Amino acid sequence: MAEGDNKSANILAQETAQLEEQLQGWGEVILAGDRVLRWVKPWFPAALMGVVSAVFLMIYYLDPSVLTGVSCAVMLLCLADYLVPTLAPRIFGSNKWTTEQQQRFHEICGNLVKTQRRVVGWWRRIFALKEEKPKVYFMSAIISLLAMAWIGQQVHNLFLMYLIVSFLLLLPGLNQQGIISKYLGMAKREINKLLKQKEKKNE
């Protein structure tokens, strides 16, 4: 068991080091984005939502076709991939890189690797469910897809995408500020109260 844990930890460390090397040119930008997503300053959430809202309003106003939208998105990614590693050291100053920043960059890369592992693990569990319990897999897939199709039919696709993107961008800050754990704890307490009341009535 200990050997398995050590092997898994070594693989995690190796994958984290590889990711750090790949993202080294993006280090300053990633740290700046991390500060915004974690709400280091109280006005960061408002600024973040303002930028997201402006982008989606521009998309709504221009109303590009799917092909145009995908082409523009890929073009922006290519430009960022080329320009960011070149311009970031000049803007942020690579000589200002501190031990604390390096440690935070290492933590971010480690979290990204762990998230990737979780996604792969969920994907494997879905296929394992398909092999072990095909009926449960089939019913779960059909119900989930029908629910998603119904939501997509009721809500405008661009507005739905806006809500999803906003939630994902606000999620790290909500988690960092303890807001999610706070409301989850309140929900658990209310559920426990209801269950206890139900048990008393049954008695």
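Is Arg117 buried, partly exposed or exposed? At 32% relative accessibility, Arg117 counts as partly exposed. The views below show a predicted model.

**View 1. A salt bridge joins Glu15 and Arg117.** The closest N and O atoms of the pair are 3.4 Å apart. Glu15 is partly exposed, at 29% relative accessibility.

**View 2. Asp34, Arg38, Arg104 and Glu107 form a network of salt bridges.** Arg38 meets Asp34 at 2.8 Å, N to O. Asp34 has 10% relative accessibility and therefore counts as buried. Arg38 is partly exposed, with a relative accessible area of 22%. Arg104 pairs with Glu107, their closest N and O atoms being 2.9 Å apart. Both Arg104 and Glu107 lie in helix α5, three residues apart, or about one turn of the helix. Arg104 is partly exposed at 22%, as is Glu107 at 35%. The structure holds five salt bridges.

**View 3. A nonpolar surface patch includes Tyr82.** The patch covers about 820 Å². Its members are Met75, Leu76, Leu79, Tyr82, Leu83, Leu87, Ile91 and Phe92. Tyr82 sits in helix α4 (residues 66-93). Its relative accessible area is 61%, so Tyr82 is exposed.

**View 4. Met139 lies in helix α6 (residues 134-154).** Met139 is partly exposed, at 44% relative accessibility. Its C-alpha atom is separated by 18 Å from that of Ile151, 12 residues apart along the chain.

Methods
Residues are numbered from 1 along each chain as its sequence is written. This is a predicted model: local features need pLDDT of at least 70, side-chain atom pairs count only at pLDDT 80 or more; totals for chains, interfaces and linings use all residues. Side-chain values use heavy atoms; hydrogens and water are left out. Helices (H or I, at least four residues) and strands (E, at least two) are DSSP runs, numbered from the N terminus. Buried means under 20% relative accessible area, exposed over 50%, partly exposed in between (1.4 Å probe, protein chains only). Patches are made of residues with over 30% relative accessible area and no salt bridge: like charges are joined within 9 Å, nonpolar side chains (Val, Leu, Ile, Met, Phe, Trp, Tyr) within 5 Å. Accessible areas come from the Shrake-Rupley method with a 1.4 Å probe; for residues, only the protein chains shown count as cover. A salt bridge is a side-chain nitrogen of Lys or Arg within 4 Å of a carboxyl oxygen of Asp or Glu.
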